[in-house]
Amino acid sequence: MSARTNLGAVADWRSWAVLRRNALVFARNWRTAIIPPAMEPVIFFLAFGLGLSGYIEGLTYRGVEINYATYVAAGLIAYTGFGTPFYEALYSAYVRMFYQKTWDGILATQVELPSVVWGEILWGAVRGTVNVSIVSSVIVVFDLLGVVDVKLPFLLFMPVLGFIAGCAIASFALIFTAIVPAIDHMNYPVFLIGWPVSLVSNTFFPVEPKSPVLHALMQLNPVYQLAECARGLLVIGNPGPHLGGLLASTALFLVPCTLVSIRLTRRRVLGD
Amino acid sequence: MVVDHLDLSCRRGTVLGLLGPNGAGKTTTLRMLYGFVPPDEGSIAYAGKPFAENRAEVKRSIGVCTQDDSLDYDFTVAQNLFIYASYFRPRVADLNTRVAELLDRFELAPYADASPHVLSGGFARRLLIARSIVHRPSVLFLDEPTTGLDPSARLDVWELVDGMRAEGLAIVLTTHYMDEAERLSDELLVIHEGRSVAHGEPYRVIDSVLGDHVIIVPRAEPARAEIAAWLDARGAKQVATVLGELRVPVSKEDLAELTVRFTEAKWQVRPPNLDDLFIALARRNGRVE
């Protein structure tokens, strides 16, 4: 199949049928599924936001003085927007592919492989959207408690940003899902890519590389763009250049990663 | 090359048995027929429509029951049928009625709201088959549908296959059980090393490859080695040794001469069956010409 056909499958009903299947499973287990994302930001606020706030003073963001907890609030949006689709497309997709043989069953129907991959990408992004929404709700509570000071109406944009970045991240993670020999090998992408990226993307502390190469690489990182976009909106109500940066970096990741994921998944699942 | 110059066809209301030893090319053939991998050469057509040019339409008309358990354990038994139907367009007409009908026919109604985890092997297989026809296909692929089932469950699956054939489905069946292939198949296609070595009605296939009779010379027969040497000299190609017994397909003429020549020897004679064919194919290196 051509690259155009593979990319165009995102609009195909078959991709949405795969997404729907995953959403139905989530809908059955939503009570247990939402507890971790709701608790995680609370723990991070306690550990980073409140724990370190006393040691970090005089933090300014684009000319506005903010407390560290407010800085971390946007970081949590990015952290969740990255981690949720990343782990969903790594572990959950792998379980569906390898252990549950769910993909085998689906591929025995009218659904084609590019649609399975797109369905998983979209589902990873939707899961990211759901969890970012939950984190946003927690931020509302912390704002009302006076722990953080964010522009509350702009929290409504966070799920949309999470969905955009989630597509890029899920497509990237699916490459590993297609190539790892066993689930234990997921530790490599998790610890070599997941953790470093989630920490050096202006999530919990600002990173300002002096090297122009590193600076340029950072602009290509959708997690960094997500963090800065969210922070710009929550602190001053303006994402600045980072909304465009998020869209561009997402496109730069999504297109090649999706094509590679489809190719590698085809080889693994269909033996072609 | 895994499969080479293989021609096969399956008509409505018939079962085509696809046989061959491990590594013969059955799985590759099926994967091409499902559309998982494209053939390097040749073409596949369903009801006269080339697969490659009518992919979506063709896939709507075929049902696939894979050998592996690919049931969706995140859903109940009934939901498995509903969710599977959602992977087809045009949508399945009267889906609620269709699901109820299948649950009833495959005796799955008592488990409709249960997880497939509670199903025995036989009932899980029923659900797999029911799922593969929920969209009312005209062609059904059954890949080793009774592997791992107890004899009673196997017979139940046979009945279901027979019923689906009677309804006009064209069924392509692979199995390692020779009795199953013999009883269920209207036609057999025997594959060896990626090529068709025999094709036709089961008894004709056996005749064409093995001949008229199989003699079984027991291990304790004193003239066993002598008989083997004599048969070898006569050009018997399919000599198989099973637990020390000699099993040799022979023609009517050879059998008559053997009887005259070895008057004191004891052996059994029976008609050849698919087990003989399977063993012969699995143990040979060359093709049957």
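How many residues from chain B and from chain A does the contact take? Chain B gives 20 residues and chain A gives 18, where two residues are in contact if their C-beta atoms, placed from the backbone, lie within 7 Å.

Before going on, a word about the model: it is predicted, so local features need pLDDT of at least 70 and side-chain atom pairs count only at pLDDT 80 or more, while totals for chains, interfaces and linings use all residues. Residues are numbered from 1 along each chain as its sequence is written, and chains are lettered from A and ligands numbered from 1 in the order in which they are written.

On the side of chain B that touches chain A, helices H2 (55-61) and H3 (77-85) each supply at least two residues. Helices (H or I, at least four residues) and strands (E, at least two) are DSSP runs, numbered from the N terminus. H2(B) has the largest share of that side, with 3 residues.

Chain B comes to 11 helices and 12 strands, and its C-alpha atoms fill a box of roughly 70 × 45 × 30 Å along the principal axes. Of its 289 residues, 38% are buried, meaning that 20 or more other C-beta atoms, placed from the backbone, lie within 10 Å of a residue's own.

Of its 149 residues, Val72(A), Ala230(A), Ile171(B) and Val190(B) touch the most other members. Helix H4 (residues 68-99) of chain A has the largest share, 17 residues. Domain 1 (15-205) and domain 2 (212-271) of chain B both give residues to this core, so it lies between them; the domain bounds come from an automatic or database domain assignment.

Chain B also has an open antiparallel sheet of 4 strands, in the order S10-S11-S9-S12. Strands pair if DSSP finds at least two bridges between them. S10 (240-242) and S12 (268-270) of chain B stand at the edges with a single partner strand each, so one side of each has no neighbour in the sheet. S9 (residues 213-217) of chain B and S12(B) pair over 3 bridges, and Val214(B) has Arg270(B) in S12(B) as its bridge partner.

| Helix (chain B) | Lies across | Angle to S11(B) |
|---|---|---|
| H9 (residues 224-233) | S9 and S11 (245-250) | about 30° |
| H10 (residues 252-261) | S9, S11 and S12 | about 130° |

How values were computed:
Buried ≥ 20, exposed ≤ 12 C-beta atoms within 10 Å, placed from the backbone. Core = buried A, V, L, I, M, F, W, Y, C linked by C-beta atoms within 7 Å. Axes fitted to C-alpha atoms, helices over the stretch in contact; angles between N-to-C directions.
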